[in-house]
Amino acid sequence: MLYDAHCHLDFPVFDADREEVLQRAKLAGVTTLILAATTAATWPRLLNLVESSASTSPQLYACLGLHPLFIDQHQPEDLIQLKEQLLTSPKVIALGEIGIDLHSPESQAQEAKQWQFFDAQLRLAKELNLPVVIHVRQAMDLVIQRLRRFQLPQGGLLHAFSGSQQQAEQLVELGFKLGLGGGITYPRANKLRNIAKTLPLTAFLLETDSPDMPLKGFQGQRNEPARVALVAKALAEVRETTVKALIPSLHSNLLQTFPKLKII
Ligand SMILES: [Zn+2]
């Protein structure tokens, strides 16, 4: 029983063959997909997809939020709408993806606006007692400081974690799981693989970030949720165990991170 804790199956790049992508995920043993949002304009598409797939396997759930890479498109009114949707949409289980991205000169120029929206969404998560799914590039220590200040009651997922051992430990202490994806399939990713090997298994969730973050052997291709099975295999190799032995803990990590999954 596998899951993909972070993907973007609503993106138009899946429009032509979404059903086949879901079938391949099912065949790979993936029972749960969590889709992360980007902009308010695309929330209806995302909600429609997760709500219309009620009876199929894998089950689809959504995070709703305002992604830092799309900061140009966010309006203050989006935050009001976000609160409403979080309170009323039954398959929305977290806020996300939210965060800080200082990777490019363009995103650095928008840093102040990024913090405004990140803080507002962290406040909302605290108020509504919801977990958050966080995207961070080139700002890990700043984000950790922020999370320490906010002390979120539910923690959440630091998606596509790629920081240091110390940052990993600090995030776990703050109630966060680290998202492991295609990154750990690359032998050269020594730092990440060492974190995946040495931290307790309770620290991790599996994800693909499809269509992004291609695995080793699939560079240049669209990523898809079925390949989370290969992420699990890479984690098992790094920890010198089997996927089967990892699954119960990885699954309870998912339910612990997203408590609404237990009720739905
Ligand atoms: Zn993402």
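The site of the zinc ion is irregular, with angles of 84 to 174° among its four donor atoms. Four donors count as tetrahedral if all angles lie between 85 and 135 degrees; four count as square planar and six as octahedral if opposite donors are over 155 degrees apart and all others between 65 and 115; anything else is irregular. The ion is coordinated by His6 (NE2), His8 (NE2), Glu97 (OE) and Asp209 (OD), at 2.1 to 2.4 Å. Donors are N, O and S atoms within 2.8 Å of the metal (3.2 Å for Na, K and Ca); water is not among the atoms, so sites may look incomplete.

The model is predicted: local features need pLDDT of at least 70, side-chain atom pairs count only at pLDDT 80 or more, and totals for chains, interfaces and linings use all residues. Residues are numbered from 1 along each chain as its sequence is written, and side-chain values use heavy atoms, leaving out hydrogens and water.

| Residue | Relative accessible area |
|---|---|
| Glu97 | 1% |
| Asp209 | 9% |

An open sheet of eight strands has the order S1-S2-S3-S4-S5-S6-S7-S8, with parallel pairing. Strands (E, at least two residues) and helices (H or I, at least four) are DSSP runs, numbered from the N terminus; two strands pair if DSSP finds at least two bridges between them. S4 and strand S5 (residues 132–137) are joined by six bridges, and Gly99 stands opposite His135 in S5.

How values were computed:
Buried means under 20% relative accessible area, exposed over 50%, partly exposed in between (1.4 Å probe, protein chains only).
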